[in-house]
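Me: I am new to this structure. Please walk me through how to read it.

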Amino acid sequence: MTFLDSDTRPRTADGPVLKLSNVHQVYGTGDAAVHALRGIDLEVAQGDYVAIMGPSGSGKSTMMNVLGCLDVASSGTYTLAGNDVSTLDENALARIRNEQVGFIFQSFNLVPRMSAIANVELPLVYGRVGKAERRRRAQEALEMVGLGDRSEHQPQELSGGQQQRVAIARALVTSPTLVLADEPTGNLDSTSTDEILGMFDLLAEDGRTIVVITHEDHVAEQAHRVLTISDGLIVTDRTTARKARR
Amino acid sequence: MSFIEILLSAFKGLTANKLRSALTLLGVMIGVASVILLLAVGNGSAQQVDSAISKLGTNTLTVRPTAAQGGSSSSGSSSTKVITRDVANQLGSAGLGHVSAVIPQVTSSLNVASSTISETAISVIGTTPGYFSVGTNTVGSGAAFTQADVTSSAKVAVIGQTIATELFPRSSALGQSISVSGTTFTVSGILSQQSSTGFTDPNSVVIAPISRVQDSFTGYGAVSTLTVLAKSSAGVTAAQGEVTIMLNQLLGVTDPTTEPFTIVNQSSLLATAATSAASFTVLLGAVAAISLLVGGIGVTNVMLVTVTERTREIGIRKALGATRGAILGQFLAEAATLTLLGGVLGVAVALIGAQFQINGTQPVILGYSIPLALGVSVAIGVFFGVYPAGRAAAMRPIQALRAV
């Protein structure tokens, strides 16, 4: 499989792709307030492959929501590919998600009753890409993940690993700045896990910026850089052996 | 997305739960069908009334004596205030500009019999030959009686078709003798088929020269009706004025409020009937509109369930970059597609239903009611879909994604 297709190459940007400074996230008010993030400072460079680890309740899901522009931080700034997204309104955030972020979820999150190719086309539909162009790019993305011959299958006709590959194709089809994966192998058996992690390796080699949220060590060890979050703060930040090898 | 794509994807969404969509669609279908059909029934009955009245002739006036003004302190004697045949003749020969004929009628309800069969309480009308030129009172077979028959009080009669077949079930009634309360008449003609305008059968009637009927049955007092033929439909109102003045003169009436007669103008009757038919149609339409409203509430209900069921899908779509507007549009399109389908089926049902008589009325579909009902059904989809679609659009992506 090749990831070198020009259409799906990431955009290049100067400086860090992600930059968070003093990001706080507070849910609720007064005594009931929950401080999910308590001052996150983070820079991720173009082409980096980062794993974010932490026990449940540590704030890593909140991190994922903020990084993916699904939620806006209570305070602090978040710059994604040079755009300050911490002040954007709902529609502008939707557009950032559409153009800059490719999501890969634990439970695949394909839309039921829509064929694999229709699922992959979906971000392009919201990005107002023409029909023929959409179909061509979606088919290419599916071929990239080795499912070119399954494009008309419905999600329920595909195995878990295959569904996750469709989700990866969907995440890549818009050539996003950031590929954001939330426990991507959490619902997969070990064979499919290896398959998906292998795919992430190729994406990383291809120069894509990847952030993986996980609580599994062996998934994190695939990344080049591992952050550990605890109580809403980054407590460790280290490069892995794989990074050193490169 | 193109319009077709939106429709297709909306249709796909609806097929997710076929039974539920079908039941909702049924509600809209019944609403739309009943709107179209009931309006058609109202329209059909209005047309029926219209044609019945126009058959009476739009250039006729009907003069009826009102109940006797008992003991009024009027100057003349009461006998001068009655419309007799004599008054009718004077009115007819007064040379009124807009009046072409005055046809007096006396009526009585009598026993009529052939040699073997007897019928009771048959309407016997005594009139002049002019009667057969009013509206549809034409002689179907045989001949009407003549002015000479009136002059000579001849015992001839024209009978209605019901009487003809009842008295002479096996042979033609023409030339036969019938006995009317003991007086023998010869049947000279049979009326053409008359369509019913009310509760009485207009085909169950015996029509004879007025002189003979007065001689034998009613006496020479007041006539029961004067039919005045105007020279043209446009001149009916003018004729009414002339007749009123002339009759008041002939009867010696000085105070117009005590006129011993009323004049019914067929065109004013037509206007009244049209008004009542229109309000009937509105009433039927309102009842049908309520059923359409109920169907619409069903759409809201089912869309709310759909939105709840598909919360996760909404979350996925939002994560992939769907804006509020895109989600709103998607669910509105689904609701509108649902009601449009219901509307199309409803139109089909109404078109089929209109082929049948409903309660004796042949429905006549109003041309505008079909596009109206279809438009309204789409509007209902949008109106009743706004709330559920708005709920979907307002969902926050992280919460929607968390849904099971």
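**Reading the model**

Reply: Start with strand S10 (residues 233-239) of chain A: of its 7 residues, 0 are buried, so S10(A) lies largely in the open. A residue is buried if 20 or more other C-beta atoms, placed from the backbone, lie within 10 Å of its own. Strands (E, at least two residues) and helices (H or I, at least four) are DSSP runs, numbered from the N terminus. This is a predicted model, in which local features need pLDDT of at least 70, side-chain atom pairs count only at pLDDT 80 or more, and totals for chains, interfaces and linings use all residues. Residues are numbered from 1 along each chain as its sequence is written, with chains lettered from A and ligands numbered from 1 in the order in which they are written.

Me: How many bridges join S9(A) to S10(A)?

Reply: Strands pair if DSSP finds at least two bridges between them. Here 6 bridges join strand S9 (residues 225-230) of chain A to S10(A), and the two run antiparallel. One bridge pairs A:Ser230 with A:Leu233 in S10(A). The hairpin has 2 residues between its strands, and A:Asp231 takes a positive phi near 55°.

Me: How do I describe two packed helices?

Reply: Use the angle between their axes and the distance between the axes. In chain B, helix H2 (residues 18-55) and helix H8 (residues 266-309) pack at about 180°, with axes 8 Å apart. That makes H2(B) roughly antiparallel to H8(B) (angle over 145 degrees). Axes are lines fitted to C-alpha atoms over the stretch in contact, and angles run from 0 to 180 degrees between N-to-C directions.

Me: How many residues of chain A are in contact with chain B?

Reply: Contact means C-beta atoms, placed from the backbone, within 7 Å. By that rule, 18 residues of chain A are in contact with 15 of chain B. H2(A) gives the most to chain A's side, with 6 residues.

Terms used: Two residues are in contact if their C-beta atoms, placed from the backbone, lie within 7 Å. Angles under 35 degrees count as roughly parallel, over 145 as roughly antiparallel, 65 to 115 as roughly perpendicular and the rest as oblique. A residue is buried if 20 or more other C-beta atoms lie within 10 Å of its own, exposed if 12 or fewer, and partly exposed in between; C-beta atoms are placed from the backbone.
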